[in-house]
Amino acid sequence: MKRNEKHDELYENQELELFEYQLTPEGLKLTWSDRTQAIFHPIWLRENSNHPDNRDPGTKLRITQAAFLPLDLTVKSVECDNHGNLQLDFSDGHRCQYHHNELRQCFQNPRPHDLGSDRRYWDNSFLEFDRYDYRKLCHDDDTLLTLLNTVAEFGFAFVHRIPVEMDAVEHFAKRVGPIRETNWGTVTDVHIIPNPYDLTMTALSLSPHVDNPYRLPGPGYIFMHCLKNDAVGGESTIVDGFAAALKLKEIDSVAFETLTTIQPNFRHTEDTAILEDTGPIIELSEKGEIKRIRYSNRTEQVPPLDVEQLSRYYYARQAFASIICSDEMTLKIKLTPGDGFVWDNYRILHGRTAFDPTTGERHMRHCYMDRDTVSSRHKVLLRQRGWL
Ligand SMILES: [Fe+2]
């Protein structure tokens, strides 16, 4: 099975030698054989100590009050053995040990909070995506890890040979973790009903969108399963929202900046629920990387900002919508019974073409999962293989 590039990089780092270590007025300075240098603050080293005086060995939780460590704390001495273990003595009497690789990892690859991987962007030419066999996925953790790596890299993974049974999507999702329950329950049917409370329950086409940006937190991942799809039309569409945002940035950086700063509201109301949240259409991380897409024409409620701001916003939104609705960016797939998808609802926009209900039936079922559930499962699988 494949290991993603980030973990290869980490693995390679474990081959590095520690070239030099020294105590400086700022803290512990390490230099590795590739000449990379880092200085570690004494309090950082002290509060992250794995010694049982600092961290409960069973729960791995900190038991000292890090906030009350002396602000003038210093590392009094450091020694390194032949295996690269650094023994530290602190001015408050604490002793602990780190391996230099451990410190290098903390410095170079801080643990991601979310599903971590190097992303690969795609457009409608991406037809050779992997197809995972559900039966193998059910019993083989290596296959599950590869599927989660694929979701991390491309934002989605395609699964086939799922049993054509009503509760199959639940089993599919629970292979990863607990399902997110909402006011609609755990699993939602997407098919025509007499009094629809959502456009998904009609035969109309659905333009690219993310699901439920009015929830807090918004659904992190979506699991979908096709039970029937023999009507004319009804193709599923998906778009890489991050690729679309990068394209907008390349074409019109002002429009990109506008969509990262102006924050529309998103709202959904029904008899028993009033759901609202706010956020930019393109959300960036503290590092300036694209973190999340919120594009939901049906539920967006733009506040009455001043005319200049709104003109700028409407121009930018139209520029982005033109990209995400273009054939060039859209993958169209006609699902057949037993097919399924899992996708990142913060990255992938989805939709469908209209279908003719007089020619057949279309019935999908889907459910949501929180982001921490998916990233936790991914990390545990990596840890079990010694890659985390
Ligand atoms: Fe949707």
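Three bridges join strand β16 (residues 282-284) to strand β17 (residues 290-293), and the two strands run antiparallel. This pair belongs to a predicted model. Leu284 has Ile290 of β17 as its bridge partner. The hairpin of β16 and β17 has five residues between the strands, and Gly288 takes a positive phi near 85° there.

**The four-stranded sheet**

An open sheet is built from four strands in the order β10-β21-β13-β19, with antiparallel pairing. Its edge strands are β10 (206-209) and β19 (330-333), each of which pairs on one side only. From one strand to the next, the twist averages 20°. Within this sheet, β10 pairs with strand β21 (residues 348-352) in the antiparallel sense over two bridges. His209 stands opposite His350 in β21.

**Helices α7 and α8**

Helix α7 lies across β13 (236-240) and β21, and runs at about 50° to β13. Helix α7 (residues 241-251) also packs with helix α8 (residues 253-261), at an angle of about 130° and with the axes 5 Å apart. Angles over 145 degrees would count as roughly antiparallel and those from 65 to 115 as roughly perpendicular, so α7 is oblique to α8. On the α7 side, the contact is made by Ala245, Leu248 and Lys249. Ser253, Ala255 and Phe256 make the contact from α8. By class, the residues in this contact are four nonpolar, one polar and one charged.

**The chain as a whole**

The secondary structure of the chain comes to 10 helices and 23 strands. The chain is divided into two parts, domain 1 (5-110) and domain 2 (131-382). Taken over C-alpha atoms, the centres of domain 1 and domain 2 are 41 Å apart. The C-alpha trace of the chain spans about 80 × 55 × 40 Å along its principal axes.

Of the 388 residues of the chain, 30% count as buried. Among contacts in the chain with a separation of 6 or more, 74% are between residues 24 or more positions apart.

Definitions and conventions. Residues numbered from 1 in each chain as written. Predicted model: local features only at pLDDT ≥ 70, side-chain atom pairs only at ≥ 80, totals over all residues. Domains from an automatic or database assignment. Axes fitted to C-alpha atoms, helices over the stretch in contact; angles between N-to-C directions. Parallel < 35°, antiparallel > 145°, perpendicular 65-115°, else oblique. Contact = placed C-beta atoms within 7 Å. Nonpolar A, V, L, I, M, F, W, Y, C, P; charged D, E, K, R; others polar. Pairing = 2+ DSSP bridges. Buried ≥ 20, exposed ≤ 12 C-beta atoms within 10 Å, placed from the backbone.
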